[in-house]
Amino acid sequence: MRGARSGHRRLASTLVLLLLVTLAAAGCAGVNRLREAQASFNEAAALENELRLEAGQQEGATIQAPLAQNTTVQNGYASALLSLERLEARDVARLKRDKLWGNVLALRALAQWKLGLLDQARDTAREVQQAGAEQVHPRDRALLLALPGLIKTDEAFAALARLPGEPSAVERAATLKNVQTLVADAGESIDRGRATIDAAHPVHVYLIQARLAALRNLQVAHERLGDGEARTLPREPRIEVQRQLKELKCHAERLGARPEIVTYWATRFTLAPDPGAC
């Protein structure tokens with residue numbers, strides 16, 4: 001059990017590691033607030049993902065289910081957001097001078113997303129367009145460009161969760177079409193974020209998994225709502241899953257990550273990565 005939980009923590013650390021940033025040793029109030037926000041967000045993200053992975057392994061469900069009912073997780077994200085909201089004008093000026101403002105925007109938008117403040121998260125992501133290019137590091141820009149896709153993945157899950165126990169034929173067809181549209185839009189946003197960063201950047205590991213989470217929602221939608229052959233994932237999305245699994249495998253091997261990260265997703269889909277060398 002200890003080894004399994006340790007493995008969960010390693011998998012959960014993907015987003016946490018992406019959000020770490022080297023902060024100036026000489027502390028000012030703004031940098032200290034950013035440190036506080038990062039610490040709170042990282043602890044909440046690690047716990048959320050550990051709980052989600054455990055739930056997914058126990059129930060075989062999509063792991064993109066929001067964990068809003070977990071008070072500890074939500075308090076962590078709220079604490080991160082509160083630290084950032086306490087930044088004063090002089091703190092903002094200092095952070096911009098130190099080229100840390102993009103990190104603030106990324107952290108704020110992700111915390112808002114995790115708290116379900118979706119309109120605010122979108123507004124924060126759009127704020128990047130007004131920030132100078134020197135303020136937004138490639139990793140932060142990629143995450144913020146992908147954020148609309150992360151939100152749409154949650155919306156796809158929510159659409160499935162809202163279904164009654166025995167939906168009518170009209171409800172089944174409408175929900176399946178809605179999920180298909182949301183997942184397609186999510187994939188475009190996530191791919192747009194990935195296209196802005198170097199092929200070797202570790203942020204790909206997180207964004208590939210985000211892509212797989214969206215596709216897993218699509219698979220669940222077909223299983224629950226489709227009729228006949230439509231109860232299985234269609235050919236094109238199935239090919240895309242295998243392609244993403246191979247990309248995840250290649251990035252994980254290059255970064256020295258444990259193979260369980262690929263096994264986990266392959267098991268969720270009951271599909272194997274595309275064959276062949278990376």
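Modeller: Helices here are DSSP runs of H or I with at least four residues, strands are E runs of at least two, and both are numbered from the N terminus. This is a predicted model: local features need pLDDT of at least 70 and side-chain atom pairs count only at pLDDT 80 or more, while totals for chains, interfaces and linings use all residues. Residues are numbered from 1 along each chain as its sequence is written, and side-chain values use heavy atoms, with hydrogens and water left out.

Biologist: Let's start with the overall layout. How many helices and strands are there in the chain?

Modeller: Eleven helices and zero strands, so the pattern along the sequence reads α-α-α-α-α-α-α-α-α-α-α. Of the 278 residues, 49% are buried (under 20% relative accessible area; exposed is over 50%, partly exposed in between; 1.4 Å probe, protein chains only). Taking contacts (heavy atoms within 4.5 Å) between residues at least 6 apart in sequence, 74% join residues at least 24 apart.

Biologist: How is a pair of helices described, and at what angle do helix 7 and helix 9 cross?

Modeller: Two packed helices are described by the angle between their axes and the distance between the axes. Axes are lines fitted to C-alpha atoms over the stretch in contact, with angles from 0 to 180 degrees between N-to-C directions. For helix 7 and helix 9, the axes come within 10 Å and cross at roughly 15 degrees. Helix 7 is therefore roughly parallel to helix 9 (under 35 degrees; over 145 is roughly antiparallel, 65 to 115 roughly perpendicular, the rest oblique). Among the residues making this contact are Leu143, Leu150 and Phe157 of helix 7 and Tyr206, Leu207 and Val220 of helix 9. The crossing of helix 7 and helix 9 is left-handed, meaning that the near helix is turned anticlockwise from the far one by less than a right angle (right-handed if clockwise).

Biologist: And which residues of helix 9 and helix 11 make the contact between them?

Modeller: Helix 9 and helix 11 pack at about 15 degrees with axes 10 Å apart, which means that helix 9 is roughly parallel to helix 11. Val205, Gln209, Leu212, Ala213, Leu215, Arg216 and Gln219 of helix 9 meet Ile261, Trp265, Arg268 and Phe269 of helix 11. Helix 11 (residues 260-269) is mostly covered, with seven of its ten residues buried, Trp265 and Phe269 among them.

Biologist: Is Leu245 buried or exposed?

Modeller: Leu245, found in helix 10, counts as buried because its relative accessibility is 0%. Apart from neighbours within four places in sequence, Leu245 is in contact with Leu212, Val262, Trp265, Ala266, Leu271, Ala272 and Pro273.

Biologist: Where does Lys99 lie?

Modeller: In the loop between helix 4 (89-97) and helix 5 (101-114). Lys99 has a positive phi near 60 degrees, in a residue other than glycine, and counts as partly exposed because its relative accessibility is 41%.
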